Amino acid sequence: MTSKPKNSGNTYGSAPSHDGQSQREREREDEIRVRNNAAAKQRLFVVKKHDATHLHYDLRLGHNGVLKSWAVPNGPSYWPGNQREAIQVEDHSRENAFFEGVISEGYGAGTVMQWDWGTWEPLLGYTDVDASLRNGRLRFKLHGEKLKGEWELTRVNHSEGSRRDPIWKLTKVQDSFARGETAKSILEEAPNSVSTRRTLEEIADDWNRGKRENERQGKLFDE
């Protein structure tokens, strides 16, 4: 039987049980385990809100045992007319997919929020994901808590030696989830952690006070 990830505090405001956990916290941990099991069978995706040198969002798509990763400086947009720059970076380990906390030094130093998560699937014509990435165009569907529907990544340039990462555009495909130009941004509508509902400031404060068990990282895959 898989053990529960550690957690402390009354994160969601409900009364704690005799072991210090609230009912809501236990339900959330059960939800995470269910999602982990689904991710082991499907393609996991996560979006991190990362307050590093500059605030940005990291889109990561699980594929072939790693997370293919793009840094999106302005975050995703539900308006199909708004192409967002997406800088392809190195693949990330899937084991840190649910990390939420503070990177204290080195590359990527800053506060990391688990902004969205779910599963994804390539659309018809793009099911050979490796070929689609090589060709510079990938269409896919997201099944997240915040990001849903069809999206497209289109490469606009290749890397130039070791000096520049490939630049792509992340665009919402027109479907029932798409929004108009004047609609409220999903970044403003749902700014907090999908995992713990905390703000970036609350994540950093908890981390600095030693409440690192609130990472809610858990075990991603039963391997």
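Modeller: Happy to. One term before we start: a residue is called exposed when its relative accessible area is over 50%, and buried when that area is under 20%. Also, this is a predicted model.

Colleague: Good to know. How is the chain built, in terms of helices and strands?

Modeller: The protein chain has four helices and nine strands. Along the sequence the pattern reads α-β-β-β-β-β-β-α-β-β-β-α-α.

Colleague: And how much of the protein chain counts as buried?

Modeller: Of its 223 residues, 49% are buried. The accessible surface is about 11,500 Å², and carbon and sulfur atoms make up 46% of that.

Colleague: Which parts have low pLDDT?

Modeller: The average for the protein chain is 82, with 75% of the residues scoring at least 70. Residues 1–18 stay under 50, and residues 213–223 are also below 50. Among the elements, helix H1 (residues 23–41) has the lowest mean, 65, while helix H3 (residues 186–189) has the highest, 98. Where pLDDT is low, the predicted coordinates should not be read in detail.

Colleague: Where do Trp70 and Trp168 lie?

Modeller: Trp70 is in strand S3 (residues 66–72) and Trp168 in strand S9 (residues 167–172), so the pair ties together parts 98 residues apart in sequence. Both Trp70 and Trp168 are buried.

Colleague: What about the rings of Trp120 and Phe140?

Modeller: Their centres are 5.9 Å apart with the planes at 85 degrees, so that pair is edge-to-face too. Trp120 belongs to strand S6 (residues 110–122) and Phe140 to strand S7 (residues 137–144), and they are 20 residues apart. Trp120 has a relative accessible area of 3%, so it counts as buried, and Phe140 is buried at 0%.

Colleague: What lies over the face of Trp120?

Modeller: That would be Arg43, at 5.4 Å from the ring centre. Elsewhere, the charged end of Lys172 sits over the ring of Trp151, 5.4 Å from the centre of that ring.

Colleague: Nice. Last topic: which residues of helix H4 are buried?

Modeller: In H4 (residues 200–208), Leu200, Ile203, Ala204, Asp206 and Trp207 are buried. Looking down the helix axis, these buried residues fall within an arc of 165 degrees, so they line one face of H4.

Colleague: Why would residues a few places apart end up on one side?

Modeller: An α-helix has 3.6 residues a turn, so residues three or four places apart point the same way.

Colleague: What covers the buried residues of H4, and what is on the face turned away?

Modeller: The cover includes strands S1 (43–51), S2 (55–63), S5 (101–103) and S6. The face turned away from the buried side carries the exposed residues Glu201 and Asn208.

Colleague: And what follows H4?

Modeller: Gly210 comes after H4, and its phi is positive, near 90 degrees.

Technical notes: Residues are numbered from 1 along each chain as its sequence is written. This is a predicted model: local features need pLDDT of at least 70, side-chain atom pairs count only at pLDDT 80 or more; totals for chains, interfaces and linings use all residues. Side-chain values use heavy atoms; hydrogens and water are left out. Helices (H or I, at least four residues) and strands (E, at least two) are DSSP runs, numbered from the N terminus. Buried means under 20% relative accessible area, exposed over 50%, partly exposed in between (1.4 Å probe, protein chains only). Accessible areas come from the Shrake-Rupley method with a 1.4 Å probe; for residues, only the protein chains shown count as cover. pLDDT is the predictor's confidence in each residue, from 0 to 100. Contact means heavy atoms within 4.5 Å. Rings of Phe, Tyr and Trp (its six-membered ring) pair if their centres lie within 6.5 Å; planes under 30 degrees apart count as stacked, over 60 as edge-to-face and the rest as tilted. A charge sits over a ring if NZ of Lys or CZ of Arg is within 6 Å of the ring centre and within 35 degrees of the ring normal. The arc is that of the directions from the helix axis to the C-beta atoms.
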